Amino acid sequence: YPSNPLMGSVAEGYRYLAVAEAQGTAYLTSLNLSGIAAARAAPVEVFLAGGDASDITYANTVFANNSVYMEPPLFRPVLDGYVLPATYQEMLQQGNHTIAAVLTGGNRDENGATPNPGMTVESYTRQNQYEFGSVGLADEFFRLYPAGNSNSSADAASNTFYQDQTRISLWEWANEYQAGVARNTSGNSTVRTYTYYWTHAPPGQDEGAYHMSEINYAFNNLYATDKPWKPEDYAIADRLSNYWVNFLRSGNPNGPELPDWPANDAAEPVVMELGDAWEPVLVASAEKRSFMNKWFSNWPVY
């Protein structure tokens, strides 16, 4: 969702032209290069050495000391008014984005959720009082996501929030995308969006259903990765890859002998759980969806 504050971390996040130019000048200076001519004459090793430079999106914000909010890479798209003519949100609102069927999703143990958050009641309370209190939402946050009285309850509350944030953000984004599709006049307004929530943890690791852990299953190439795969993993890969192939073929993941995967619908707050179960699951309660939208509304539209 464009105003989910986690969007500031992603490599796809854009910069405005004037900001990018200033950052480029500062970057060359940091490499002891005096200008474009010097940069063109420099060996590529100079740039490779500085290729992991990052931006300071969260500096001087309430997220500065929360490791969930990682700084994005310095080199990422530039909103120049030509190649990228407008913000993503503006393009959606105009119905002027590329119209295509979309299959998208999130994983249980990413975007702040992890099998071992390492919270204490005190750290959970302090961090979230600071972040949500900054916009007057602390009381509501702690009512919906109470710390409890132990480290394990604080860990569980933290994961529940970030997992809700992932599902709600996915569903809200798909709603906006489909609204943009409806505004488009290309005649291709019948395409649909399919959202998923991946919950299966690959074997042989302790990071849970981590970022990109569904990819081997979707491509059905478990044979190419050295993990202690079990028969259930191969069965999951067969089913998930069938969804993917069907979507690539027709824009719809559904097919024979597959549990029905409903298209995203603004009137039906569900996403499709894939992995440990194969069924639509509630995005979150109406109260939590309302709270999350209030939270999102306080941050820039990326």
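Predicted model: local features only at pLDDT ≥ 70, side-chain atom pairs only at ≥ 80, totals over all residues.
Me: What makes a residue count as part of the lining of a pocket?

Me: How much space lies in the largest pocket, and which residues are the closest to its centre?

Reply: About 1400 Å³ of space lies in the largest pocket. Its lining is made up of 42 residues, of which L6, M7, V10, E12 and N111 are the closest to the centre, and the elements that give two or more residues to this lining are α4 (88-94), β3 (102-107) and α7 (151-183). By class, the lining of the largest pocket has 22 nonpolar, 15 polar and five charged residues.

Me: Why is strand β5 called largely enclosed?

Reply: A residue is buried when its relative accessible area is under 20%, and four of the five residues of β5 (residues 270-274) are buried, so the strand is largely enclosed by the rest of the structure.

Me: How do you know that β5 pairs with β4 and with β6?

Reply: Two strands pair if there are at least two bridges between them. Three bridges join β4 (residues 193-198) to β5, and these strands run parallel, with W198 opposite L274 in β5. Four bridges link β5 to β6 (residues 279-282) in the antiparallel sense, and here V271 stands opposite V281 in β6. The hairpin of β5 and β6 has four residues between the strands, and in it G275 takes a positive phi near 115 degrees.

Me: Why is F63 called buried?

Reply: The relative accessible area of F63 is 3%, and the cut-off for a buried residue is under 20%, so F63 is classed as buried. F63 is placed in the loop between α3 (44-49) and β2 (78-79).

Me: What makes a residue a contact of F63, and which residues qualify beyond its neighbours within four places in sequence?

Reply: Contact requires heavy atoms within 4.5 Å, and, with those neighbours left aside, F63 is in contact with P5, Y58, Y69, E131, W295 and W299. The C-alpha atoms of F63 and Y130 are separated by 9.1 Å, although these residues are 67 residues apart along the chain.

Terms used: Residues numbered from 1 in each chain as written. Heavy atoms only, no water. 1 Å grid on protein atoms, 1.4 Å probe; cavity = no way out; pocket = protein on both sides within 12 Å on 5 of 7 lines; lining within 4 Å. Points joined across faces, edges and corners; volume = space filled by probe spheres on them. Nonpolar A, V, L, I, M, F, W, Y, C, P; charged D, E, K, R; others polar. Buried < 20%, exposed > 50% of the residue type's maximum accessible area, 1.4 Å probe, protein only.
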